[in-house]
Amino acid sequence: MATTTARVSISSPDLMPGSALSITANTALTKAGVVTGLTQMETGVRSIVTGTEYRLGPLATEMASDAHDIASYLYLCNTTTEDTTYYIDWGIHETMIGKLYAGDWMFIPWNASDDAAEIEIEPQGGTNTIEYAFFNSDFILTTAA
Amino acid sequence: MATINASVTINSDISSYPTSISKTMTMTKSANPSVGLDETTGLRTKKFTTTTAAVIVEHDELTDDKAHKVYIRNASTQRANFFYVAYNASAAAAGTAETIGKLYGGDWMLMPYDGNVNITVASSTASETQYLEYMVFADGIVAAKG
């Protein structure tokens with residue numbers, strides 16, 4: 001059984017004067033509702049041109065038939081360094097949720113309830129470069145034409 | 001100006017060559033990416049005993065269209081239970097178009113958030129108590145309305 005762990009540390013000596021902030025959390029990524037580890041992953045690095053919305057990762061129907069509405073995880077980092085005003089709008093389907101600035105990363109669970117719950121990204125400011133990793137147990141390959 | 005650093009480490013042996021991701025970011029403002037975020041709504045812990053959806057981040061407390069960051073952790077230990085997490089005005093549920101994902105017991109998430117719509121959650125169970133920890137690192141907080 002594969003083991004995938006994700007750890008976060010958030011710290012600040014001066015956000016709350018008199019009370020230094022230190023948050024640490026660990027989790028082992030498993031299949032939905034059980035302790036069995038995830039078995040599939042998909043990683044990549046892409047340079048993406050500004051002004052276009054892109055789908056990142058699979059559609060729900062590109063995951064095993066009835067198993068898509070479960071436990072998937074996305075790590076996404078904007079590795080752009082040329083200009084710190086560059087960012088990527090990210091969201092679910094047509095709804096943008098936040099801005100991933102140059103150098104920033106994010107880590108979220110994603111349940112991909114249907115094909116209208118895909119992850120979308122739209123670069124702003126110029127060509128952005130991203131690196132990403134999906135962790136899942138239900139990706140399927142597209143049937144060849 | 002405050003300094004807030006966030007680091008992620010992901011290790012996996014799913015593939016035959018080990019995956020190891022390690023990245024650190026400093027949370028900065030949208031208008032000036034060289035200036036650190038310096039506001040927060042504070043670290044909160046909330047107990048959930050029903051499946052009723054609840055707003056955990058009210059967008060009207062935050063400046064719209066900014067570089068906020070939201071940290072959320074399901075502090076429960078049961079992997080069988082989870083919270084739906086959604087970017088939605090009033091509810092979080094499986095069928096909500098803006099549902100982001102399911103945060104299982106022990107899972108955490110950290111995401112950029114524009115502050116334009118509420119963040120809502122719903123527990124998957126009413127038979128077991130679940131706890132949620134969350135914190136907003138804000139790029140602008142609107143003064144409380146009287």
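**Strands, sheet and interface**

Reply: Strands β1(A) and β2(A) are paired antiparallel through 8 bridges. Here strands (E, at least two residues) and helices (H or I, at least four) are DSSP runs numbered from the N terminus, and two strands pair if DSSP finds at least two bridges between them. Within this pair, Val8(A) lies opposite Ala25(A) of β2(A). The model is predicted, so local features need pLDDT of at least 70 and side-chain atom pairs count only at pLDDT 80 or more, while totals for chains, interfaces and linings use all residues. Residues are numbered from 1 along each chain as its sequence is written, and chains are lettered from A and ligands numbered from 1 in the order in which they are written.

Me: Which strand of chain A is joined to β1(B), and by how many bridges?

Reply: Strands of a sheet pair through backbone hydrogen bonds, either parallel or antiparallel. In this model, β1 of chain A (residues 4-12) is joined to β1(B) by 8 bridges, and the two run antiparallel. Ser9(A) has Ser7(B) as its bridge partner in β1(B).

Me: In what order do the strands of the open sheet lie?

Reply: The order is β2(A)-β1(A)-β1(B)-β2(B), an open sheet of 4 strands with antiparallel pairing. At the edges stand β2 (21-28) of chain A and β2 of chain B; each has a single partner strand, so one side of each is left without a neighbour in the sheet. Direction ignored, neighbouring strands of this sheet are turned by 10° against each other on average, where axes are lines fitted to C-alpha atoms (for helices over the stretch in contact) and angles run from 0 to 180 degrees between N-to-C directions.

Me: How many residues of each chain are in contact across the interface?

Reply: Two residues are in contact if their C-beta atoms, placed from the backbone, lie within 7 Å. On that basis, 47 residues of chain B are in contact with 54 residues of chain A. On chain B, the elements that give two or more residues to this side are β1 (5-12), β2 (19-26), β6 (68-74), β8 (99-104) and β9 (108-113). The largest share, 8 residues, comes from β1(B). By class, the chain B side has 24 nonpolar, 14 polar and 9 charged residues. Nonpolar covers Ala, Val, Leu, Ile, Met, Phe, Trp, Tyr, Cys and Pro; charged covers Asp, Glu, Lys and Arg; the others, Gly among them, count as polar.

Me: What confidence scores does the model carry?

Reply: The model scores ipTM 0.95 and pTM 0.95. The predictor's confidence in each residue is pLDDT, from 0 to 100. Chain B averages 91, with 92% of its residues at 70 or above, and chain A averages 90, with 95% of its residues at least 70.
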